[in-house]
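Here is a short report on one structure. It covers the surroundings of a single residue, then a sheet and its strands.

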Amino acid sequence: MLEHNGTIFNAHRYATTVDRSVTGVHICQELTDNSIQYGSTETSIIVDSRNNRIIAADTGTGIPEDIFCDNFHTFHNEPKDASGISMAGLGSKLFYGLSDIRITLTKYNGIAYYSVWDFTSHETINNPIIDYFDKEDPPDELIPHMDLVGRFMSIESGTMIILPNIKTWGKYKTSAGRFYHALKTHYVERYGHYLKENGVNMATSFVPEKGLITWDHIKPADIFENTKYNSVTDKSGKIEVRSWIVDANSEQSKLTKFGINIYRNNVKASTSGFLNIGQRKKKGQTISIVKASPLDYKSIRQAVFFKSDSDDVFKINHIKTQVTLGDEVEQLCATEFQKIVQEYERLRSEKQESKVSESFEDNRTTFSISELAESTAWKIANGEFSFNKASGVYKTIESLPEDGIDLIKNILTSMSPNQVNKLGVQLETTLGGNSVQQVA
Ligand SMILES: Nc1ncnc2c1ncn2[C@@H]1O[C@H](COP(=O)(O)OP(=O)(O)OP(=O)(O)O)[C@@H](O)[C@H]1O
Ligand SMILES: [Mg+2]
């Protein structure tokens with residue numbers, strides 16, 4: 001017989017108030033976080049609408065007996081394991097928003113035990129049922145779920161959590177399908193990069209009321225594939241800021257959101273918008289910050305990577321871990337953002353230049369802008385320039401010094417493609433075509 005040893009911290013208040021702010025998808029996320037943190041290489045979450053339950057299963061280490069009898073059924077609120085992604089000792093207890101009961105089966109060092117934790121009364125919250133698991137004589141609560149037990153018993157070690165009798169599919173109310181869709185989308189964004197980095201498999205699955213069960217493998221994703229980025233680290237060397245420009249139509253642009261994407265041990269924790277480009281006062285000090293970015297900068301992205309022991313990036317509030325950038329990292333993001341903006345503007349003006357020559361090529365005779373400019377400059381220098389003297393373009397060109405080639409190039413590239421085309425035709429006519437270098 002196993003017994004619960006922990007003191008349940010303010011559990012009733014927790015279950016009935018704090019818990020309400022946690023969404024259904026977040027509840028599942030916490031279970032999956034635990035799975036990958038505790039060594040699972042095959043992790044799945046099943047949204048079973050047919051049997052009105054959610055199952056989180058993994059092939060991790062399983063839960064050691066002492067933890068199972070204490071922390072796993074006890075509310076802690078302090079950082080413990082700094083190496084992983086756990087923090088508050090709360091994650092696995094956040095199930096009440098979906099289900100009144102949490103059933104756990106775990107196998108550690110070859111021994112299987114289970115628990116039933118029922119949040120419907122004060123009495124049951126404080127007295128979870130915990131015991132060794134005998135497949136031949138399963139507890140009543142597990143009988144409706146025996147279809148899952150065979151698979152569980154066949155793994156060497158691991159954990160399976162069942163949330164039975166789903167009360168509501170979170171904000172999707174009665175629609176398990178919509179809940180599943182939101183979950184899958186969230187998982188791709190949250191775990192994609194982690195899966196690639198760690199070579200782990202993850203799948204989500206949907207069991208509809210009738211018909212075929214779907215399995216969706218979460219695709220491992222490298223958000224920097226074929227991408228150049230700037231990288232800087234903070235003074236501690238633990239926090240890295242990467243800044244880059246995405247191609248708006250690429251697969252990649254879907255994997256990261258516009259703004260600062262924050263990854264904790266390669267798991268996406270949150271996205272914070274760019275705040276303010278410029279300066280602001282913080283605790284009496286002026287610091288650089290990144291501003292709500294002009295729509296123009298939609299393709300500029302930043303990612304902050306940190307390990308869970310990098311204290312200045314996150315804090316724990318009474319419910320869960322919150323990720324907030326510390327001053328130093330915020331400054332780094334701002335300076336890097338400004339650098340990328342410059343790079344972006346440079347690329348953009350290059351692009352405009354190539355646009356001009358592209359449409360110029362549409363004309364019946366093809367000119368290269370630089371050659372056209374060069375030849376024009378020499379015509380001016382030699383006094384051969386004679387067309388449309390009233391035009392503003394002519395006046396500007398006429399006032400140029402002899403070596404005004406660069407200036408002419410600037411003028412041509414700042415003109416609209418239409419104007420350049422007109423100028424090309426005019427030059428061709430006026431100068432008889434021969435004096436202007438034509439490029440095939
Ligand atoms: N799938 C699992 N495999 C192995 N151990 C687990 C698993 N889930 C939970 N545990 C153990 O139970 C403990 C409590 O889990 P819980 O999710 O409540 O808190 P946490 O992960 O420590 O912190 P938090 O989730 O708040 O960041 C964990 O620290 C871990 O030791
Ligand atoms: Mg956890």
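## Around alanine 56

Leaving aside residues up to four places away in sequence, alanine 56 touches Cys28, Leu31, Thr32, Ser35, Ile45 and Ile161. Two residues are in contact when their C-beta atoms, placed from the backbone, lie within 7 Å. Alanine 56 sits in strand S2 (residues 53–58). Strands (E, at least two residues) and helices (H or I, at least four) are DSSP runs, numbered from the N terminus.

Alanine 56 has 24 C-beta neighbours inside 10 Å, so it counts as buried. The cut-offs are 20 or more other C-beta atoms within 10 Å for buried, 12 or fewer for exposed, and partly exposed in between; C-beta atoms are placed from the backbone. Alanine 56 and leucine 163 are 107 residues apart in sequence, yet 8.6 Å apart in space, C-alpha to C-alpha.

## Model and numbering

This is a predicted model: local features need pLDDT of at least 70, side-chain atom pairs count only at pLDDT 80 or more, and totals for chains, interfaces and linings use all residues. Residues are numbered from 1 along each chain as its sequence is written, while chains are lettered from A and ligands numbered from 1 in the order in which they are written.

## The five-stranded sheet

Five strands form an open sheet in the order S9-S10-S15-S11-S12, with mixed pairing. Strands S9 (230–233) and S12 (267–272) are at the edges; each has a single partner strand, so one side of each is left without a neighbour in the sheet. From one strand to the next, the twist averages 20°. Two strands pair if DSSP finds at least two bridges between them.

S9 pairs with strand S10 (residues 240–245) in the antiparallel sense, over four bridges. Here serine 231 stands opposite arginine 242 in S10. Helix H6 (residues 176–198) lies across strand S11 (259–264) and S12, and runs at about 130° to S12. Such angles run from 0 to 180 degrees between N-to-C directions, with axes fitted as lines to C-alpha atoms, for helices over the stretch in contact.

## Strand S15

S10 and S15 pair in the antiparallel sense over six bridges. Serine 243 has glutamine 302 in S15 as its bridge partner. S11 and S15 pair in the parallel sense, also over six bridges. Isoleucine 262 stands opposite valine 304 in S15.

Seven of the seven residues of S15 (residues 300–306) are buried, so the strand is largely enclosed by the rest of the structure. Ile300, Gln302, Val304 and Phe306 point one way; Arg301, Ala303 and Phe305 point the other way. In a regular strand the side chains alternate between the two faces of the sheet.
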